[in-house]
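The sequence and the model come first.

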Amino acid sequence: FGALERFEILGAVLGGLWCGALFLPWFGAGPLGGTDVTGAELIDSAWLPLVIVAVASALLLLDALSIDGFRALPVPAISTFLMPVGLFYTGLFLIAGDDILYGGWTALGLSGAAVLFSAIAWITDRRG
């Protein structure tokens, strides 16, 4: 694999891991003693960012594996514009929350890294 493919694979894996981090506990129940709240329970339409980030990750992975049908598309550019949806949703809910658990911090780190590596893949792709 070349540099472009390595960055695409890293971005795809991190985006996929963010999809999994939606189901980790993001917020604690606090003194009330209830159950922890996951990102999927917190976000009203959790399927929307999940699908968008999953599509961006799948496109990056397919492009890295040199699937011929995607050669005409600027896949790193498309993924770079889709991937920040996960970062937006994660940041939006973590800014307003208290008692943030490991799932929220994990989702924030994964989404930020996924955006970073997809952007690096786009820059690498533009330079040829």
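A polar contact is a pair of N or O atoms within 3.5 Å, where one must be able to donate a hydrogen and the other to accept it. The model described here is predicted.

## S79 and helix α4

S79 belongs to helix α4. With a relative accessibility of 0%, S79 counts as buried, because the cut-off for buried is under 20%. A polar atom of the S79 side chain lies 3.0 Å from the backbone oxygen of A56. Apart from neighbours within four places in sequence, the residues in contact with S79 are A56, L59, L60, P84 and S118.

Helix α4 covers residues 75-82, and V75, P76, A77 and T80 are buried there along with S79. These buried residues pack against α1 (3-21), α3 (47-64), α5 (84-95) and α6 (102-127).

## Helix α3

The buried residues of α3 are P49, V53, A56, S57, L59, L60, D63 and A64. Viewed down the helix axis, they fall within an arc of 155°, so they line one face of α3. Their cover includes α1, α4, α5 and α6. A56, whose backbone oxygen lies 3.0 Å from the polar side-chain atom of S79, is one of these buried residues. Just after the helix, S66 takes a positive phi of about 60°.

## Contact of α3 with α5

The axes of α3 and α5 come within 8 Å and cross at roughly 150°. On the α3 side, the residues that meet α5 are L48, P49, I52 and V53; their partners in α5 are V85, G86 and Y89. By class, the residues of this contact divide into 6 nonpolar, 1 polar and no charged. P49 and V53 take part in this contact and are also listed among the buried residues of α3.

Leaving out residues up to four places away in sequence, S111 touches W18, G86, L87 and T90. Among them, G86 also takes part in the contact of α5 with α3.

Conventions:
Residues numbered from 1 in each chain as written. Predicted model: local features only at pLDDT ≥ 70, side-chain atom pairs only at ≥ 80, totals over all residues. Heavy atoms only, no water. Buried < 20%, exposed > 50% of the residue type's maximum accessible area, 1.4 Å probe, protein only. Helix = DSSP H or I, 4+ residues; strand = E, 2+ residues; numbered from the N terminus. Contact = heavy atoms within 4.5 Å. Arc of directions from axis to C-beta. Axes fitted to C-alpha atoms, helices over the stretch in contact; angles between N-to-C directions. Nonpolar A, V, L, I, M, F, W, Y, C, P; charged D, E, K, R; others polar.
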